[in-house]
Amino acid sequence: MGTPMRRRSVIGLVASVSGIAGCSGESDTATVVETRSVDPAVINQSVNQVEGGQQYEATIENSGIEGSVRVKLYWQYDDDSGESLATSTNTTVPDGGRDTVEIVTDRPETAAAYSFRVQPRDFAADIRNTGSDAEIQVQLIDEPSGTVVRETVVSMAGGETRTVRLTAPDGIAGSYTVQ
């Protein structure tokens with residue numbers, strides 16, 4: 001058997017950084033040294049008949065940081081209706097590791113096929129406080145809407161570098177900015 005094809009199932013979900021600012025005054029600044037996220041891909045999927053329905057399996061490979069991944073099962077239709085979300089779940093995949101998700105359900109008679117999609121939920125940014133001691137606000141922003149979906153405030157000493165992690169909430173699938 002050949003090497004499994006690495007299928008990227010999430011398009012347009014990225015972590016980027018536009019800036020960080022200290023809250024205690026104009027002289028306090030912070031910079032983003034590096035950003036990382038979970039980087040999941042569906043590398044294998046299968047379906048088997050089991051008691052209670054059909055068991056759909058997806059093997060997820062993560063080439064990013066350890067973290068939470070949203071796994072979605074979709075029904076695909078031959079007619080003009082396209083596809084519909086069957087169900088979704090979260091799983092945690094280690095950095096450089098794999099996890100298999102199993103979902104037991106019945107495929108609708110009108111569905112011609114199925115597919116899995118994955119999206120990262122965890123993002124990390126290494127923040128360096130280049131000013132004096134400060135409270136630094138870090139936000140995860142949904143880019144299409146500009147909505148802050150998660151935020152935290154960290155106390156940082158002058159010159160300190162710290163990794164800050166934020167998890168995107170369920171139900172929001174877009175491009176993200178760590179700010």
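**Nonpolar cores and an open sheet**

The largest nonpolar core comprises 19 residues. Within it, Ile-60, Val-69, Val-71, Leu-73, Trp-75 and Phe-116 have the most contacts. At least two residues of this core come from each of strand 5, strand 6 (67-76), strand 8 and strand 9 (113-120). Strand 6 contributes the most, with four residues. The model is predicted.

Val-69 illustrates the packing. Beyond its neighbours within four places in sequence, Val-69 contacts Val-38, Pro-40, Ile-60, Thr-89, Asn-90, Thr-91, Val-93, Val-118, Gln-119 and Arg-121. A second core is separate and has 14 residues. Phe-123, Ile-136, Val-164 and Ala-168 are among them. In soluble globular proteins, nonpolar side chains tend to be buried together.

Three strands form an open sheet in the order 4-5-8. Their pairing is antiparallel. Strand 4 (40-50) and strand 8 (98-105) are the edge strands. Each has a single partner strand, so one side of each lacks a neighbour in the sheet. From one strand to the next, the twist averages 20°. Strand 5 (residues 53-62) and strand 8 run antiparallel and are joined by eight bridges. Ala-58 lies opposite Val-101 of strand 8.

The average pLDDT is 79, and 79% of the residues score at least 70. Over residues 1-28, pLDDT stays under 50. Where pLDDT is low, predicted coordinates should not be read in detail.

Conventions:
Residues numbered from 1 in each chain as written. Predicted model: local features only at pLDDT ≥ 70, side-chain atom pairs only at ≥ 80, totals over all residues. Heavy atoms only, no water. Pairing = 2+ DSSP bridges. Axes fitted to C-alpha atoms, helices over the stretch in contact; angles between N-to-C directions. pLDDT = per-residue confidence, 0-100. Contact = heavy atoms within 4.5 Å. Core = buried A, V, L, I, M, F, W, Y, C linked by side-chain atoms within 4.5 Å. Buried < 20%, exposed > 50% of the residue type's maximum accessible area, 1.4 Å probe, protein only.
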